[in-house]
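Open the structure in your viewer and keep the selection tool at hand. This tour goes stop by stop, saying what to select and what is there.

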Amino acid sequence: MTPHPWSVPATVEAERLRDVERLGLLDTPPEDRFDQVTNMARRVLGVPAASLSLMDGDRQWMKSIRGLDIDEVPREKTVCRTTIARAYRRPEDPVLIIPDAAADPEFTEIPGIGGSDGIRFYAGYPLYGPTGHPVGTFCVYDFEPRNLDPQQIEAFTELAEWAQRELERSAELDRAAEIQTQLLPRPLTGLEGYAVAAVCLPAFTVGGDFFDHYCRGEALMLTVADVMGKGLGAAILSSSVRASVRGASRVLERYGSAAGAQDTGAVTTLAAEHLTEDCEHTSTFVTALLAAIDLPTGAIHYTDAGHGLALIRRADGRINPLEEGGPPIGVLPGTTWTADEARLEPGDVLVICSDGLLDLLDEGSDLTALWEFVAPHTCPDELVAATRELVAGRPPLDDVTVVAVRREAA
């Protein structure tokens, strides 16, 4: 095959493809934020078709397309490969405008160009990945020859810049999601006499829920927290909550009373003092449940800060909800929380979840639906698997978090 006149070196192409992969958008569902750009382009420029696409190794894949009934095309059969290569050769003038592609020998052999219902006019602008390589194109099309005047070219460029910002937002959110996932604790193994499983499924790319578990001496420490709101803002604050709870736990372990980190009321109170200004400045609050399980005895010391979604599934199938406690963190500055007590007997399972699960189960506040969902599952792994299946079948509007701890039968 004759090399394309705008081809690039193989090493450069390999770097470009890595940039495409870094975006994490290939073969993902349509998104309104991209469709808004292509719809606006059709209205502003008066064209019948517009697209926002990514150029993979052997295909051009459409993240958003309006006015043409295609999802992808082979790379060698698209005009956009020229736009991609032009970005390297003429970065000072990246816009490619073809008034009549059917009259240009370079493009006449491409299927869909020319003919009674084929593409005649094309305007393309390269879109760039995280490290600066062109990863795709923003394009408009017409089935009649035409051109763009200077004002239209300016509008087209501004629309392309909008599309670029959305791509950058995707990269930033994906990185934020990666970091948030890395901040979740690693699965607990080797915990003699206990089985632990947990899952946190954000409604969006990142979320305001989180869970944490770690050992302090002979106690297993658990936290489930839910920051008011969803998305990136809630995710940022949730990181502060996690750090404050862990920090308070360690301070009390070293310098506090004999109960130390197992005094969940003191941990909650100290963490809340650290978070007061953050909550005030962001006009938000946090519900949380902290628990300390004494591993030799199964005794539970726990503090509920406006959370209200914890229970023990007894070995005989009964459901015992844990008592609700004080207000959420950030609602009443100066609040002092205390600890309540419960006990895990052999065969019992402690379950702590966020309200996103309750919303999926009954779209309300009836805890009966939660109890019925938990009751059949005697194994933490099974409960987590059922939660994942529920979310997969019905995407949630709020973050969903579940932590389950079973004390094994003697």
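A charge sits over a ring if NZ of Lys or CZ of Arg is within 6 Å of the ring centre and within 35 degrees of the ring normal. Select R146 and F121: R146 lies over the face of F121, at 5.4 Å from the ring centre.

Before moving on, some ground rules. This is a predicted model, where local features need pLDDT of at least 70 and side-chain atom pairs count only at pLDDT 80 or more, while totals for chains, interfaces and linings use all residues. Residues are numbered from 1 along each chain as its sequence is written, and side-chain values use heavy atoms, with hydrogens and water left out.

**Stop 1: the aromatic rings**

Rings of Phe, Tyr and Trp (its six-membered ring) pair if their centres lie within 6.5 Å; planes under 30 degrees apart are stacked, over 60 edge-to-face, and the rest tilted. How many aromatic pairs does a search of the whole structure find? There are three. Select F138 and F156, which form a stacked pair. Their centres are 5.5 Å apart, with 20 degrees between the planes. This pair links distant parts of the chain. F138 is in strand β6 (residues 134–142), F156 is in helix α4 (residues 150–183), and they are 18 residues apart. Helices here (H or I, at least four residues) and strands (E, at least two) are DSSP runs, numbered from the N terminus.

Ring pairs link Y125, F138 and F156 into a cluster. Are F138 and F156 buried or exposed? Both are buried. Buried means under 20% relative accessible area, exposed means over 50%, and partly exposed is in between (1.4 Å probe, protein chains only).

**Stop 2: helix α3**

Select residues 80–89, helix α3. This helix is mostly covered, with seven of its 10 residues buried. The buried ones are C80, T82, T83, I84, A85, R86 and A87. What covers them? The cover includes α1, β1 (49–55), β2 (59–66), β4 (96–98), β5 (121–128) and β6.

Now pick R89, also in helix α3. R89 has a relative accessible area of 44%, so it counts as partly exposed. Its C-alpha atom is 17 Å from that of G129, 40 residues away along the chain.

**Stop 3: V47**

Go to V47, in the loop between α2 and β1. V47 is buried, because its relative accessible area is 6%. Which residues does V47 contact, leaving aside neighbours within four places in sequence? They are A41, R42, V140, Y141 and R146. Contact means heavy atoms within 4.5 Å.

**Stop 4: E15**

Select E15 in helix α1 (residues 10–23). At 31% relative accessibility, E15 is partly exposed. Beyond residues up to four places away in sequence, E15 touches R22 and H133. E15 and P321 are 55 Å apart, C-alpha to C-alpha, and 306 residues apart in sequence.

**Stop 5: two positive phi values**

Select D27, in the loop between α1 and α2 (32–45). Phi of D27 is near 65 degrees, a positive value in a residue other than glycine. With a relative accessible area of 52%, D27 is exposed.

Then jump to S283, in the loop between α6 (264–282) and β10 (286–294). S283 is not a glycine, yet its phi is positive, at about 50 degrees. S283 counts as exposed, at 60% relative accessibility.

**Stop 6: α7 and its partners**

Show helix α7 (residues 355–362) and helix α9 (residues 380–393). Their axes come within 11 Å and cross at roughly 60 degrees. Axes are lines fitted to C-alpha atoms, for helices over the stretch in contact, and angles run from 0 to 180 degrees between N-to-C directions. α7 and α9 are therefore oblique to each other. Angles under 35 degrees count as roughly parallel, over 145 as roughly antiparallel, 65 to 115 as roughly perpendicular and the rest as oblique. In this meeting, L357, L360 and L361 of α7 face T387, L390 and V391 of α9 as contacts.

Finish with helix α8 (residues 367–374), which packs on α7 at about 95 degrees, with the axes 9 Å apart. α7 and α8 are therefore roughly perpendicular. Here L357, L358, L361 and D362 in α7 meet L367, A369, L370 and F373 in α8.
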